[in-house]
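This report describes the fold and the charged contacts of the protein shown below.

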Amino acid sequence: MKETFVKKEELYRNNVALITFRRPDFLLVNLHVWPLDYWKFPQGGVNPGESSEQATKREFREELGSDKIEIIGKSNITRRYRWVKPIVINNVVYVGQDQTFFIVEFMGKNDDILLESGEIRQFRWVKPQSLESFIRRPQLDFESYWITIRGILDEQHSFFALKGINVRS
């Protein structure tokens, strides 16, 4: 008798990342669980029954304590990445995330940002020309994250130019 094995499907959690800007800068966050020099754009998982747009607004509110954003658009570029170890969320085992990127304009002031969730240690506004030096790290798969961000900035360069932001290096 021949044995057959059924490979269990690996699940990736849906995730939104918020390429957040307020002319002429971009907003990056540093998580409490990271070294002080690790930065990324705000992001988070999409809950069951929630649209990506709803998740974008909820994540900004949860991480940065503000509703003062406008979703400008969605990138055609996505990213799939694996975690070092699977994570269980609501009794579902995920091996990584499928990331969708939204272009988001922050309409408020720094005083409108309230870091109360305990997830974010600090935020920082960064010039487009400095993004790579803040984001690109060889650890934690930040190298591929930076390559994805660079692709999105290239994809959206005409939009950002209209906003007075030069994203070309």
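## Fold and salt bridges

Read along the sequence, the pattern of the protein is β-β-β-α-β-β-β-α-α-α, with 4 helices and 6 strands. Helices (H or I, at least four residues) and strands (E, at least two) are DSSP runs, numbered from the N terminus. The model is predicted: local features need pLDDT of at least 70, side-chain atom pairs count only at pLDDT 80 or more, and totals for chains, interfaces and linings use all residues. Residues are numbered from 1 along each chain as its sequence is written, and side-chain values use heavy atoms, with hydrogens and water left out.

Along its principal axes the C-alpha trace spans about 70 × 35 × 30 Å. Of the 169 residues, 44% count as buried; buried means under 20% relative accessible area, exposed over 50%, and partly exposed in between (1.4 Å probe, protein chains only).

The structure contains 13 salt bridges, each a side-chain nitrogen of Lys or Arg within 4 Å of a carboxyl oxygen of Asp or Glu.

Glutamate 10 is partly exposed at 37% relative accessibility, and arginine 82 is partly exposed at 46%. Arginine 58 and glutamate 59 are both buried; a network of salt bridges links Glu50, Arg58, Glu59 and Glu62. Arginine 61 is partly exposed at 39%, whereas aspartate 67 is exposed at 53%.
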